[in-house]
Amino acid sequence: MAEEIRFTKSERGFDKLIYLGYMYTRLRRNKNRVVWRCDMRGGCNATVPLSEDGSSVVKEPSEHKNHSADRGRIKAKECVENIKARAWTSREPKSVMSYSVMQAKLR
Ligand SMILES: [Zn+2]
């Protein structure tokens, strides 16, 4: 069964790919595919090519040499993004929102 491909945003607003417990940032575009690179720096150069529209994995990711999948880190990341999204759409006071963002980061 193919694992879900998900996207989120980095702190700076760049697209991030979430796949198989790893996070990737966009590296380059190649003809009809887009190559994403693991966002864990310091020796890991694992990449995964996706189709141009990001809907499918062209080739399974290359090996992550010095770290393993970290679903907890991704969950925390997505949690922060969800709260941020909520902040845009809800009428809750800003102070409540920044408090829950802080809590999510601390967890
Ligand atoms: Zn990696």
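Why does Glu52 count as partly exposed? Select Glu52 and look around: 13 other C-beta atoms lie within 10 Å, so Glu52 is partly exposed. (A residue is buried with 20 or more other C-beta atoms within 10 Å of its own, exposed with 12 or fewer, and partly exposed in between; C-beta atoms are placed from the backbone.)

Before moving on, a word on the model. Residues are numbered from 1 along each chain as its sequence is written. This is a predicted model, where local features need pLDDT of at least 70, side-chain atom pairs count only at pLDDT 80 or more, and totals for chains, interfaces and linings use all residues.

**Around Glu52.** You'll find Glu52 in the loop between S5 and H1. Leaving aside neighbours within four places in sequence, Glu52 is in contact with Asn32, Arg33 and Val34. (Contact: C-beta atoms, placed from the backbone, within 7 Å.)

**The sheet.** Next, show the strands. They make an open sheet of 5, in the order S1-S2-S3-S4-S5, with antiparallel pairing. (Two strands pair if DSSP finds at least two bridges between them.) At the edges sit S1 (6-9) and S5, each pairing on one side only.

Zoom in on S2 and S3, an antiparallel pair joined by 4 bridges. Pick Leu17, and its bridge partner in S3 is Tyr24. These two strands form a hairpin with 2 residues between them, and Leu20 in the turn has a positive phi of about 55°.

Slide over to S3 and S4, antiparallel over 6 bridges. Arg26 stands opposite Trp36 in S4, and Arg29 faces Val34 in S4. This hairpin also has 2 residues between its strands, and Lys31 takes a positive phi near 45°.

**The core.** Which residues make up the largest nonpolar core? Select Leu17, Ile18, Tyr19, Tyr22, Met23, Tyr24, Val34, Trp36, Cys38, Val48 and Leu50, 11 residues in all. (A nonpolar core is a set of buried Ala, Val, Leu, Ile, Met, Phe, Trp, Tyr and Cys residues joined through C-beta atoms within 7 Å.) The elements giving two or more residues to this core are S2 (15-19), S3 (22-30), S4 (33-38) and S5 (47-51). Click Leu50: not counting residues up to four places away in sequence, Leu50 touches Arg33, Val34, Trp36, Ser56, Val57 and Val58.

Note on methods
Two residues are in contact if their C-beta atoms, placed from the backbone, lie within 7 Å.
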